[in-house]
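Good morning, and thank you for making time for this presentation. Please look at the sequence and the model as they come up, and keep both in view while I speak.

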Amino acid sequence: MTPNIEIHNLSVCFETSSGSVRAVHDLSTTFYAGRISGIIGESGSGKSIMGMSILQLLPNTAKVSGSCLFGEHELYSMSPRELRKIRGAMIGLIPQNPNASLNPVMKIKDQIIEAVLTHSHRNRKKAAQHAADLLKQFGFETPETILNQYAFQMSGGMNQRLVSVLGLACQPSWIIADEPTKGLDAVVRNQVYTVLRKIHLQYESSMIVITHDLDLARHLCDDIRVLYQGQLVEQGPAKLVMEQPLHPYTAGLLHAMPRHGMIPIPTPDPARKNHNGCVFYPRCSKATTRCAQQKPIDFSLPHDRKVRCFLYA
């Protein structure tokens, strides 16, 4: 049985020459097996950092505290050697930056086959056939040609699909997809959506999808978490979060979409700079005096919804 991924009190700080920078603060949530869970928010909200922390893929300058339970495993305390047995085989990764993830001096074929052979009992011939089959699913019409080329011969969109193939190569029970449709046109985005949905149904893979693509989150995900400055401000079923947002920040993200008028979220009000309250207070049009003085907790609402806002106290 596939275990859940349970994060408890996760905080991530980066040590810089100017001091500590907090990227994630006291975040707790459970990603349930059998679902596709989306994480949305602006750039810099901590989405990717939270996702990369699960597999200990953050840089050495990151200071991580908290715990992450994956069945009997506590991932944050595991050694790199122990984690290698989980990465790829049990929890796959589709990274955000394909140019940094693909080896420029190895053929595409060798990179995918290496991943398959590391975590399975297939021979090289069967691994190569599996790689070709995956490429076909991701819209490559001539997989044999692609397999014998290098990453630098591919376009950015093609490389984005190739890292998706690498993340799915070992058919892991969990997949963390970090911006899987980034840089892709509408046609290829739909192909990636279709493949991810097919992988979820065919192989019963659970997924964490980190994305700026709100349409992808709405149509692909079962539930959604909204991050702002490293804190979860709203979570619930995808349809309800996207159609009836509770937190002013979530509503702002949706109003900023082209079909909703591209209304930007207000920039921080300088007069509200110094406060001890809600993290969204400097930008919130519905803020009250209480929001400046107190930090809201998570308020639970019907239909498995949670929101960190005094409007629902």
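This is a predicted model: local features need pLDDT of at least 70, side-chain atom pairs count only at pLDDT 80 or more; totals for chains, interfaces and linings use all residues.

Helix α1 covers residues 47-54, and six of its eight residues are buried, so this helix is largely enclosed by the rest of the structure. Buried here means under 20% relative accessible area, exposed means over 50%, and partly exposed is in between, with a 1.4 Å probe and protein chains only. The buried residues of α1 are Lys47, Met50, Gly51, Met52, Ser53 and Ile54. After α1 comes Gln56, whose phi is positive, near 55°. Helices (H or I, at least four residues) and strands (E, at least two) are DSSP runs, numbered from the N terminus.

Residues are numbered from 1 along each chain as its sequence is written, and side-chain values use heavy atoms, with hydrogens and water left out.

Let us turn to a pair of helices. Helix α4 (residues 108-119) packs against helix α7 (residues 156-168) at an angle of about 25°, and their axes are 9 Å apart. The axes are lines fitted to C-alpha atoms, for helices over the stretch in contact, and angles run from 0 to 180 degrees between N-to-C directions. That angle makes α4 roughly parallel to α7, a term for angles under 35 degrees. From α4, Ile108, Gln111, Ile112 and Ala115 meet Leu162, Val165 and Leu166 of α7; contact means heavy atoms within 4.5 Å. The residues of this contact comprise six nonpolar, one polar and no charged. Ala, Val, Leu, Ile, Met, Phe, Trp, Tyr, Cys and Pro count as nonpolar, Asp, Glu, Lys and Arg as charged, and the others, Gly among them, as polar.

How many salt bridges does a search of the whole structure find? The search finds 10, a salt bridge being a side-chain nitrogen of Lys or Arg within 4 Å of a carboxyl oxygen of Asp or Glu. One of them joins Glu243 and Arg218, at 2.5 Å from N to O. Glu243 lies in helix α10 (residues 238-243) and Arg218 in helix α9 (residues 214-220), so this pair ties together parts that are 25 residues apart in sequence. Glu243 is partly exposed at 36% relative accessibility, and Arg218 is partly exposed at 32%.

Another salt bridge links Arg225 and Asp223, at 2.7 Å from N to O, and both of these residues are buried. Glu234 and Arg305 also form a salt bridge, at 2.9 Å from N to O. Since Glu234 lies in strand β10 (residues 231-237) and Arg305 in strand β12 (residues 305-307), the pair ties together parts that are 71 residues apart in sequence. Glu234 and Arg305 are both buried. Salt bridges that share partners also join Arg35, Asp223 and Arg225 into one network.

Finally, I turn to backbone angles. Most residues other than glycine have a negative phi. Gln171, although not a glycine, has a positive phi of about 50°; this residue is found in the loop between α7 and β7 (174-178). Met262, also not a glycine, has a positive phi of about 50°. Met262 lies in the loop between α11 (248-255) and α12 (289-293), and is exposed, with a relative accessible area of 56%.

Note on methods:
Angles under 35 degrees count as roughly parallel, over 145 as roughly antiparallel, 65 to 115 as roughly perpendicular and the rest as oblique.
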